[in-house]
Amino acid sequence: MVVRFLRSAANEIRRRKGRERLLRFRDYAAQVRGLVAHLHSMQVDDTQSWNVSETRAGVADALKAHSDRVLRCERESDVEALMNRMTSLAANTRKH
């Protein structure tokens with residue numbers, strides 16, 4: 001998120017011409033303050049807001065009832081195999 005923010009800020013500066021680049025530092029500072037406030041609000045005290053249903057075990061328990069429809073990808077190769085399978089299935093449905 002920070003990288004995207006910085007990239008957007010750099011693009012904004014490049015778009016501005018001449019003095020306008022320099023005269024907008026108050027706006028740039030306000031945007032940075034907004035980003036810092038947002039990042040600060042994202043920080044969560046794990047001891048107070050931790051919910052068991054948000055843990056992996058909680059999610060696994062919730063999905064047990066749907067085990068016939070849940071795919072578990074533990075490695076990148078699992079994800080790649082799934083994507084290849086989905087791509088081939090999509091290609092086969094377009095043919096029919």
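Let me start with a term: angles between axes under 35 degrees count as roughly parallel, over 145 as roughly antiparallel, 65 to 115 as roughly perpendicular, and the rest as oblique. Axes here are lines fitted to C-alpha atoms, for helices over the stretch in contact, with angles running from 0 to 180 degrees between N-to-C directions.

Now, a word on the model. It is predicted, with local features needing pLDDT of at least 70 and side-chain atom pairs counting only at pLDDT 80 or more, while totals for chains, interfaces and linings use all residues. Residues are numbered from 1 along each chain as its sequence is written, and side-chain values use heavy atoms, leaving out hydrogens and water.

The protein chain has six helices and zero strands; helices (H or I, at least four residues) and strands (E, at least two) are DSSP runs, numbered from the N terminus.

How do H1 and H3 run relative to each other, roughly parallel or roughly antiparallel? The axes of H1 (residues 2-15) and H3 (residues 25-42) come within 12 Å and cross at roughly 170°, so the two helices are roughly antiparallel. As for contacts (heavy atoms within 4.5 Å), H1 brings Val 2, Phe 5, Glu 12 and Ile 13, and these meet Tyr 28, Gln 31, Val 32, Leu 35 and Leu 39 of H3.

Next, friends, Leu 23. This residue sits in H2 (residues 19-23), and counts as exposed because its relative accessibility is 67%. Exposed means over 50% relative accessible area, buried under 20%, partly exposed in between (1.4 Å probe, protein chains only).

Finally, the whole protein chain: of its 96 residues, 5% are buried.
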